[in-house]
Amino acid sequence: MSTEHEATPSHSQPKLSEHVLPGGLFGRLSALDEPLPHSMKRWFWCWGSLPGFFFMIQVTTGIMLAFFYKPAVETAFESVRYITEEVRYGWFIRSIHMWSAQMMIIFVFLHATRVLITGAYRGKGRWLTWMVGFSLLVSTLMFAFTGYTLIYEQLSYWGVTVAANINSYVPIVGPYLADFIRYGTEVGDITVSRMFAFHVFIFPPALCGLIGIHIFCVRKFGVHIPGNENDISIEQQIQKQKGPYHFFPQHALAELVVFLYLGLVTILLAIAFPAQMHDPANPLVTPEHIKPEWYFYATFRWLKLFPAQIGIILLGGLVGVIFCWPFVDRFLRKLSPKVEIGLWASSAAILVILIMTVIEAIA
Ligand code: HEM
């Protein structure tokens with residue numbers, strides 16, 4: 001026989017979130033309780049928040065490194081050596097910063113690929129989510145590049161030299177752009193200051209702002225339900241039976257678990273493969289093979305395929321097409337309603353980028 005206490009209806013039992021969090025705090029957090037489709041439970045739907053997680057690690061470890069880093073030609077390399085070899089746990093913080101940057105880039109690429117091949121940029125207003133996302137991708141790459149130049153070792157010195165030269169081929173503004181990067185004809189003290197200013201004062205706030213707008217767009221325009229109309233009606237049936245899948249606490253806790261696992265992987269990578277010191281920058285000795293970081297391999301290979309200015313113009317055109325992709329895709333769908341030209345073209349493009357990356361890696 002049930003007592004009055006036992007007979008308390010199940011819907012008045014405290015939710016999981018109320019067990020975990022004190023009531024007042026839960027009240028405030030319930031504003032985060034966005035209803036989501038159940039398709040969000042798929043593991044590759046966490047990839048969007050991962051660049052954000054690694055960005056937070058970058059900011060935290062970056063602040064620690066900035067306590068010791070000295071942005072000038074004479075001091076940059078030596079201060080990085082000091083951090084790596086003399087500061088207590090300096091090698092670890094630097095290695096976490098390095099590996100977390102790699103993770104941030106990997107997951108930005110994976111997230112963009114997922115969004116692209118599931119057609120998640122389609123639907124009302126989601127073109128804006130895509131465009132802000134693409135700006136995040138470009139800013140993330142620039143954020144990483146400017147950080148890499150700060151070490152002021154041979155490859156990073158020649159990397160920024162080549163980058164400035166490539167920029168000089170941009171029609172009309174090219175020479176000004178190259179001059180702006182270098183401040184003069186050679187990479188020097190002011191170049192290092194500029195890279196530091198970009199890496200510390202410009203990209204982190206820009207990324208914060210863009211992430212904020214991106215998340216606002218995701219909430220305003222909703223998330224995409226993958227698949228055809230049949231999948232959508234299945235989703236609607238599940239919603240009718242079970243109600244929506246909740247962002248808080250279900251999805252937030254699932255993401256927290258993924259953060260913890262990948263945080264652990266980053267720590268293990270930092271311990272197993274710590275950041276190294278290579279040869280310091282020497283403007284008089286050009287290295288035999290100048291290569292950018294792996295995330296620019298495809299771009300580098302592309303530029304080798306054409307005469308300099310044509311390569312740059314075509315690259316600019318491609319970047320423009322990707323930025324406007326939701327509209328290009330809409331146009332292609334009008335042109336051919338039965339064949340998914342957009343999805344085939346984007347899948348082929350991803351394959352070509354992968355192949356060019358591998359070719360450049362083994363070249
Ligand atoms: C720092 C970089 C980025 C962060 C922190 C971020 C964050 C997120 C988050 C948390 C979501 C919610 C769903 C999910 O997790 O997949 C999302 C969705 C989305 N993102 Fe990003 N994103 C970033 C970069 C990008 C890039 C590079 C693109 C595309 C070029 C992009 C386009 C989109 C689109 C279209 C959606 C809606 C997806 C859907 O409806 O399923 N984002 N983003």
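Colleague: What kind of model is it, and how are residues numbered?
Modeller: It is a predicted model: local features need pLDDT of at least 70, side-chain atom pairs count only at pLDDT 80 or more, and totals for chains, interfaces and linings use all residues. Residues are numbered from 1 along each chain as its sequence is written.

Colleague: Back to Trp 344. Buried or exposed?
Modeller: Trp 344 counts as exposed, because it has 11 C-beta neighbours inside 10 Å. The cut-offs: buried means 20 or more other C-beta atoms within 10 Å of the residue's own, exposed means 12 or fewer, and partly exposed is in between, with C-beta atoms placed from the backbone.

Colleague: How far is Trp 344 from Ile 117?
Modeller: They are 227 residues apart in sequence. In space they are 8.7 Å apart, C-alpha to C-alpha.

Colleague: And the whole chain? How many helices and strands?
Modeller: The protein chain has 15 helices and two strands. Its C-alpha trace spans about 90 × 60 × 35 Å along the principal axes. Of its 363 residues, 26% count as buried.

Colleague: What does H15 meet in H12?
Modeller: Ile 353, Met 356, Thr 357, Ile 359, Glu 360 and Ala 361 in H15 meet Tyr 297, Ala 298, Phe 300, Arg 301 and Trp 302 in H12. Contact means C-beta atoms, placed from the backbone, within 7 Å. The residues of this contact divide into eight nonpolar, one polar and two charged. Here Ala, Val, Leu, Ile, Met, Phe, Trp, Tyr, Cys and Pro count as nonpolar, Asp, Glu, Lys and Arg as charged, and the others, Gly among them, as polar.

Colleague: At what angle do the axes of H12 and H15 cross?
Modeller: Roughly 85°, and the axes come within 8 Å. Axes are lines fitted to C-alpha atoms, for helices over the stretch in contact, and angles run from 0 to 180 degrees between N-to-C directions. H12 and H15 are therefore roughly perpendicular, a label for 65 to 115 degrees.

Colleague: What about H7? Which of its residues are buried?
Modeller: Ser 156, Tyr 157, Trp 158, Gly 159, Val 160, Thr 161 and Ile 166. Their cover includes H6, H9, H12 and H13.

Colleague: Where is Ser 168?
Modeller: Ser 168 is in the loop between H7 and H8. It is partly exposed, with 19 other C-beta atoms within 10 Å. Leaving aside neighbours within four places in sequence, Ser 168 is in contact with Gly 174, Pro 175, Leu 177 and Ala 178.

Colleague: How far apart are Ser 168 and Ala 178?
Modeller: C-alpha to C-alpha, 5.1 Å in space, and 10 residues in sequence.

Colleague: Last one. Which residues of H11 are buried?
Modeller: Pro 249, His 251, Thr 266 and Ala 270.

Technical notes. Helix = DSSP H or I, 4+ residues; strand = E, 2+ residues; numbered from the N terminus. Contact = placed C-beta atoms within 7 Å. Parallel < 35°, antiparallel > 145°, perpendicular 65-115°, else oblique.
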